[in-house]
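Let's take a walk through this model, from its overall layout down to a few backbone details. Have the sequence and the 3D view open side by side.

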Amino acid sequence: MGKSYQADVAIAGAGLAGIVTAYELLERGRKVLLIDKDKRERFGGLAKESFGGVHFIGTPHQKRLGIKDSPELAYRDWQSYACFGENDHWPRAWAKFYCEHSLEYIFHFLQAKKIQFLPLVNWPERGLFRPGNSVPRWHIAWGTGEEIIRRFIDALEAHPQRQNLELLFEHEVNGIETAGGRVAGVVGTELASGMEFKVMGEVVIASGGISGGDLSKVRANWYGEWEGPPQIMLNGAHRYGDGLLHDKVAALGGNLTHLDKQWHYAAGVHHPARRKADDGLSLVPPRSALWMNALGKRIGPHPLISYADTRWLVENIVRQPGGYSWQVLNWKIAARELAVSGSDYMTAFTTKSKPLLLKHLLFGNNELVERLLRECPEDFVAADSLPELVEKMNERSLFDLRVDLSTMERDISEYDATIDRGPAFFNDDQLRRIANNRSYRGDRIRTCKFQKILDARARPLIAIREFILSRKSLGGIQTDLRCRVLNRDGVPIDGLYAVGEAAGFGGGGIHGLRSLEGTFLGSCVLTGRIAANTIAGT
Ligand SMILES: Cc1cc2nc3c(=O)[nH]c(=O)nc-3n(C[C@H](O)[C@H](O)[C@H](O)COP(=O)(O)OP(=O)(O)OC[C@H]3O[C@@H](n4cnc5c(N)ncnc54)[C@H](O)[C@@H]3O)c2cc1C
């Protein structure tokens, strides 16, 4: 055995949940060891790459926009979306707690760290066949997730109790130690030397979800009621999101629940940086694009509609031939509506440039479209005519599936003809949704006004080949409302806690089947704060 450390608390995982737990423990005078397998430059985990959208209820931002929200309404929406089962006591309790305390535990806490939110609140996940968000609740952190993490790292580094914090990077935690019938610490391996290390103290599991790694846990836990997982799936989660510590908790008797509930996205493209195997970039799919299958047929009978119910999109695409899809659009739509989920490509947000943001809102984000076409030629194609576009699409077709020009031409022309008949006669659910989206200011600025696809003035035509992208684990280690890990009899395991995505963001599945969005970052903060309170007895 190599190095041995003594702390009050060992936290395995330095993503947002681990960082918040560490910060709150320092505030309470505890000695903390924060351990991460990743390199120091990736301190902050997935939140650092995130767009920084957070779900709040009852903020001044909402009030300024005339949005009437309440914890009761939010909890009703949450339950509608989650479809909790009869036995989901802890997920339900966590969801209720989130809705009732998002201001006090998350919003004010982040504001106190000087994290600001943009004035326009976004409105994803309104629901399609069941109610989702009744009102806009997705607040974008100015500076994205990068800023959230930067502020917290600064707060840790400048903390008056900084001497009580030790940071270990490139250290893998791979075992949980017990003594006298309780959890007593962790063991692991220092990656550079291969030496083992040991930390004695109470243990917080903050190692994220199971949606990353080599995706084997995603495939093994695929939702039973769906078609099997698609042959090609992209990894939009953490390289170390392999569930190693979930397994260790289970071996100690800890209860893992809802692992088959996963939050994937429908519009993944290959990440040009290829930072890990199957690395994916998640697009915010343009609402005015037509969603076609691998044969060039518009997916239906109900057209696929972005921004309404992400789970429904994924469920439909995995049923399509080849398990992948195409979005067909033109430059005008792309410039106005295309976005990337994450801090990476959204430069106006990440660099906090108001003039650039204004320019993108007024004239479209042409730079982003140019960049994606240039950097992702595997999945993005552009052409001046439909036959040329289809030819390029077919150069990228998979599994011997071919896009059929006449099918695609027919479906696009029918859609364009509906637009020509005028809004009073929109007998198309996508157009009806677009009309509805445009009635909210926050969406109107990012949604074209009934844009025809084949419009000669809006060219070139663009097609994007999109894959299912694995992102978040909705299930995980079951915890009670104090973040104590529960065993399979529902009894807390002494000395063991779980936070963030590792805990299914609270209770082993706070979201049930679906998320209202922005609830991931929010519940990392919530669980981190509560775990620290429990450990410190405050
Ligand atoms: C591109 C992108 C955009 C997103 N946008 C949003 C958004 O706008 N809003 C929102 O709410 N959510 C968003 N999310 C999701 C959100 O960022 C994550 O769900 C959340 O940050 C998870 O935090 P975490 O601390 O629980 O886990 P992670 O961030 O996964 O951190 C876990 C840490 O544990 C470490 N680790 C893993 N195993 C071990 C081990 N055995 N030993 C030691 N260390 C280990 C990892 O290296 C990692 O640093 C986004 C995610 C991505 C990738």
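What follows goes from the domains to their interface, then to rings and loops.

A word on ground rules: this is a predicted model, so local features need pLDDT of at least 70 and side-chain atom pairs count only at pLDDT 80 or more, while totals for chains, interfaces and linings use all residues. Residues are numbered from 1 along each chain as its sequence is written, and side-chain values use heavy atoms, with hydrogens and water left out.

Start with the big picture. The chain splits into domain 1 (4-208 + 243-261 + 474-536) and domain 2 (273-469), with bounds that come from an automatic or database domain assignment. Taken over C-alpha atoms, the centres of the two domains are 33 Å apart.

Now look at where they meet. On the domain 1 side 28 residues are in contact with 28 residues of domain 2, contact meaning heavy atoms within 4.5 Å. Together the domains bury about 2,500 Å², with 55% of that on carbon and sulfur atoms; buried area is the accessible area (1.4 Å probe) that two parts lose on being put together, summed over both. Arg-126, Leu-128 and Trp-142 supply 29% of the area domain 1 buries against domain 2, more than any other three residues.

Elsewhere, a salt bridge joins the side chains of Lys-352 and Glu-147, at 3.1 Å from N to O. Ser-353 caps the N-terminal end of helix H11 (residues 354-363), with a side-chain oxygen 3.2 Å from the backbone nitrogen of Leu-356. After H11 comes Gly-364, whose phi is positive, near 90 degrees.

On to the rings: Phe-51, Trp-138, Trp-142 and Phe-349 are linked into a cluster by ring pairs (centres of Phe, Tyr or Trp rings, using the six-membered ring of Trp, within 6.5 Å).

Finally, check the loops. The peptide bond between Gly-300 and Pro-301 is cis, with omega about 10 degrees, and Pro-301 sits in the loop between strand E13 (290-293) and helix H8 (310-318).

Conventions: Rings of Phe, Tyr and Trp (its six-membered ring) pair if their centres lie within 6.5 Å; planes under 30 degrees apart count as stacked, over 60 as edge-to-face and the rest as tilted. A salt bridge is a side-chain nitrogen of Lys or Arg within 4 Å of a carboxyl oxygen of Asp or Glu. A polar contact is a pair of N or O atoms within 3.5 Å; within protein, one must be able to donate a hydrogen and the other to accept it, and residues adjacent in sequence count only if both atoms are side-chain atoms. Helices (H or I, at least four residues) and strands (E, at least two) are DSSP runs, numbered from the N terminus.
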